[in-house]
Amino acid sequence: MTSPLDSYTVSMDGLHFSDEAKARMAARLQEVATARDAEKNAQPAAPAEVLTTPARRPRRWARVAAGLVLALTLGGGGTVAVAAGVLPNPADVLFDVFGGAPAQTELLNEVGRPIGASATSNGVTVTAEAVVGDRSNFTVVYDVEFGDPSALEGIEPGEDGTLPLVAEATRYVDGVNGGGGGSWFFDADPGDGTIQYAETMGFTTWNGAGIIGRTMRFWMSEIRAYDAEGGYTTLVTGNWSLKFEMNYVDTTVDLPAGQETTWQGADVTVDAVAVSSVGVTVDYTIDRQIGDLGSSGKMSDEAKAKTEAVTGLPVTVTFADGTTFDATNANTHAEEQDDGTSAATKTVTYDRIVAAGDIVSVTVGDVEIPVSAA
Amino acid sequence: MQIPRNAPDRDPERLVRAYADLVLRVCYTYLRSTSDAEDVCQDTLVKLICRDEPFRDPGHERAWVIRVAANACRNLLRDRGAHPAVGLDDVPEPAAQAPGEDALRRRDDRVLGAVMALPLPQREAVYLHYYEGYPTREVARIVGATDDAVRQRLSRARASLRDHLKGDYDDFPA
């Protein structure tokens, strides 16, 4: 007679995926691997994706692994995290990111969405609280709750209100092929043992379909505390893995396109312009390519100039109150075409949230495109 | 970054071939169900592909896969705790395609049911030690417990199984 543990082994041996399921998974993983390889290989040659820090708000800009694509089409097998307990008002969560007038509070509640997905590791709970965004951009705020609040002692905000903390985090949205953005920590309610981590990102998608309704996957493994000299200590390590759907109100408005302009002597065609309550996205084709930038590492001045000549096309958004937002340094993704041109996309969130009707125009190069023309 | 000589490659087909069924069994052990296994498997292997640090050797990689998949399952269990969609005390689904004649299969199913009725820490230890073949100190490393704790869990699991399966077997490990 056999041992019961032999029976157990026999039963477990009988558990396996079908060949079809394995082929499906391998195909999806191949997409991820291909996109990741492309991103790695592109780093020295395509600094168009290197992100810069806009002056408006100090943020630690992080490169997002371009092309982390995973088009999951699971039949009922999805495990998108669901909300636990009472969900917050989006405005309560997002107010410290966008700040501003009460009208923005109303707007945030109108277009933002609560999330509530949560993960706990090593006594620290990370909860995705709320999201707001448009077809290409999003801002997510995560609560980071320390079971032992003394871990936060001595962590004081800087002049800009951000905490001197950096997260080791990765995120991707199904179906994206490139993107990036910024992240920062702040403390909405000092003394409650919970700090906030915000990410503002812009992504391009394979087919331009956008990120709304897609699944977001977020992982964080470490939070580091930096000192004034640039040294750091590890505040906490863990394994926080969250997944949620990018469901929020899409206020994206497509503007007329096809205009011609020039940038540094090269012809530019505006292929698409979209604005929303939270950001702007501009697609253009420029009759120039970045070309070979030499070895990887710190970019030479020549390499920076070659990059700027393709990706530096000025973009400005003008609001009804007369203020403007400079989107020139947006997250920019440029792809070289066979005909010697480059197809570029700039996408970025504003430093505020506005009603779509309060956006007057978008100026690309020297072409002003009125929003009322949409 | 120096890549160890024995570092395994990250070919997607190899990863699925090597780990898909492993993750399925991890899911079944933790969740008593395989309905989320494809999703967990996909997430785990995407993390593996995206991981920057190389693995020392195939064994290092395998243990990492088990740990990541197990963590994903724990998160699912926690989420279900807040919003239970499936009763965790439900009778576990039988393993598919268990070979053998009817009597043997019924007995295999009884054993599997008894193992799956164990508390999670014991179930996890039984799976890793008796199915995956990890020595107790490796099981301890994977599940984040001490060697003594793992040995105790295995001892309790065997006692419980012996009690539940009394009469079916005569060579139950002590």
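Me: Which residue stands opposite Y142(A) in strand 7 of chain A?
Reply: Y197(A). Strands here are DSSP runs (E, at least two residues), and helices are too (H or I, at least four), numbered from the N terminus.

Me: What should I know about the model and the numbering?
Reply: It is a predicted model: local features need pLDDT of at least 70, side-chain atom pairs count only at pLDDT 80 or more, and totals for chains, interfaces and linings use all residues. Residues are numbered from 1 along each chain as its sequence is written, with chains lettered from A and ligands numbered from 1 in the order in which they are written.

Me: Back to strand 7. How many bridges join strand 4 to strand 7 of chain A?
Reply: 9, and the two run antiparallel. Strand 4 covers residues 137-146. Two strands count as paired if DSSP finds at least two bridges between them.

Me: And strand 6 of chain A, how does that pair with strand 7?
Reply: Antiparallel, over 10 bridges. Strand 6 is residues 176-186. G181(A) has M201(A) as its bridge partner in strand 7.

Me: Why is strand 7 of chain A largely enclosed?
Reply: Because 11 of its 12 residues, 194-205, are buried. Buried means 20 or more other C-beta atoms within 10 Å of a residue's own, exposed means 12 or fewer, and partly exposed is in between; C-beta atoms are placed from the backbone.

Me: How many residues of helix 1 of chain A are buried?
Reply: 7 of the 10 in residues 4-13, so helix 1 is largely enclosed by the rest of the structure. Among them are P4(A), Y8(A) and M12(A).

Me: Over the whole of chain A, what percentage counts as buried?
Reply: 42% of the 374 residues. Chain A has 5 helices and 19 strands.

Me: Which strands make up the open sheet of 4 strands in chain A?
Reply: The order is 15-14-18-19, with antiparallel pairing. Strand 15 (324-326) and strand 19 (367-370) are the edges, each pairing on one side only.

Me: What about the open sheet of 3 strands in chain A?
Reply: That one runs 5-8-9, also with antiparallel pairing. Strand 8 (residues 215-226) pairs with strand 9 over 11 bridges. M216(A) stands opposite F244(A) in strand 9.
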